[in-house]
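Please look over the structure shown below, together with its sequence.

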Amino acid sequence: GRAGSALASRAATAATVAVSLAAVGTWVLGGARFAVHAAAAVLNQTTAPQLQSTWFSSTYWRVAGVAAILTLPFLFAAAVQALMRSDLNLLLRAALGYLPLAMLGVSIAAPVTMLLLAACDQLANIVSSASGGAGSHFLNSASGLLAGLTVLARSPFIAFFLGLLTVAGAVALWVELLLREAAVYVIVLMLPLAFAALVWPARRVWAIRAVELLVALILSKFAIVAVLSLAGAALDTTGHSFTGLVAGVVLLAMAVSAPWALIR
């Protein structure tokens, strides 16, 4: 009697633990599917920051006014540097060359940035369409496979672990795409200050680094789409198997790290 009740108690405890683990696994996989869907939706959106809207342009031209004032001390610093080097050409280049170039850069920064963003979206669409839309296709296929991941893996722990990895990768990708759009606003807003430093040779590198960072941010979406297209092609080649899903999760992690590698 006691042995039977003990066995029954252990069986009940094991069943409770199994049900709890299954519930946790379902919860994690549900979160993974939501995160993947959200990342796919953001990835499919056309990047179009409203750089010419009133709310942005008003702040931008205030910053440009501050930058115009800062050109005076920068030009004075260039004059001091030219005096120390006994190089009149340095001052002439700063006043007659780089100063007009800085003003031109301030006036065309927003339109050129919008053109570059549109061109990057077109390049991403070309890569994605060339692989059958494999970038967003991978995310959508991964979302569907996550529903049957426990069956594919034949192990609740593996399903739980891959679900966590997918959640982490999809959320990181989602946040990166949103941060990219916000960072473009911030960098373009600060460009007038960087361009103002063009007249001072010692700080000309500020403008170069700002433009490099902006270009890297713009191209980061292309890098993400290219890696995800590769992941989608790998998933199709392996026949939507568990191995293909694992390879896709690894490539998803590489897509998350691609923008950082591009910026570096």
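Asp121 is buried, because its relative accessible area is 5%, where buried means under 20% relative accessible area, exposed means over 50% and partly exposed is in between (1.4 Å probe, protein chains only). The model is a predicted one, in which local features need pLDDT of at least 70 and side-chain atom pairs count only at pLDDT 80 or more, while totals for chains, interfaces and linings use all residues. Residues are numbered from 1 along each chain as its sequence is written, and side-chain values use heavy atoms, with hydrogens and water left out.

**A buried charged pair**

Asp121 lies in helix α3; helices (H or I, at least four residues) and strands (E, at least two) are DSSP runs, numbered from the N terminus. The side chains of Lys221 and Asp121 meet in a salt bridge, with 3.2 Å from N to O, a salt bridge being a side-chain nitrogen of Lys or Arg within 4 Å of a carboxyl oxygen of Asp or Glu. Lys221 lies in helix α7 and Asp121 in helix α3, so the pair ties together parts that are 100 residues apart in sequence. By this rule, the count of salt bridges comes to one. Lys221 counts as buried because its relative accessibility is 5%. Asp121 also lies 9.0 Å from Leu219, C-alpha to C-alpha, although 98 residues separate Asp121 and Leu219 in sequence.

**A buried charge without a partner**

Glu176 is found in helix α6, which covers residues 156-196. Glu176 is buried yet has no salt bridge, and the nearest side chain of opposite charge, Arg180, is 9.3 Å away; here Lys and Arg count as positive and Asp and Glu as negative, whereas His and the chain ends are not counted. Leaving aside neighbours within four places in sequence, Glu176 is in contact (heavy atoms within 4.5 Å) with Ile224, Ala255, Val256, Pro259 and Trp260.

**A nonpolar surface patch**

Leu101, Leu104, Ile108, Val112, Leu116, Val211, Val215, Leu219 and Leu262 make a nonpolar surface patch of about 660 Å². The elements that give two or more residues to this patch are α3 (88-130) and α7 (205-237), and α3 gives the most, with five residues. Patches are made of residues with over 30% relative accessible area and no salt bridge, with like charges joined within 9 Å and nonpolar side chains (Val, Leu, Ile, Met, Phe, Trp, Tyr) within 5 Å. Val112, one of the patch residues, lies in helix α3.

**Two further residues**

Phe56 is found in helix α2. Not counting residues up to four places away in sequence, Phe56 touches Gln50, Leu51, Tyr185, Val188 and Leu189. The C-alpha atoms of Phe56 and Tyr185 are separated by 8.3 Å, although the two residues are 129 residues apart along the chain.

Ser86 has its place in the loop between α2 (54-85) and α3. Ser86 has a positive phi of about 55° although it is not a glycine. Most residues other than glycine have a negative phi.

The table gives the accessibility of several residues.

| Residue | Relative accessible area | Class |
|---|---|---|
| Phe56 | 4% | buried |
| Ser86 | 69% | exposed |
| Val112 | 37% | partly exposed |
| Asp121 | 5% | buried |
| Lys221 | 5% | buried |

Notes:
Areas by Shrake-Rupley, 256 points an atom, 1.4 Å probe, with all protein chains shown as cover.
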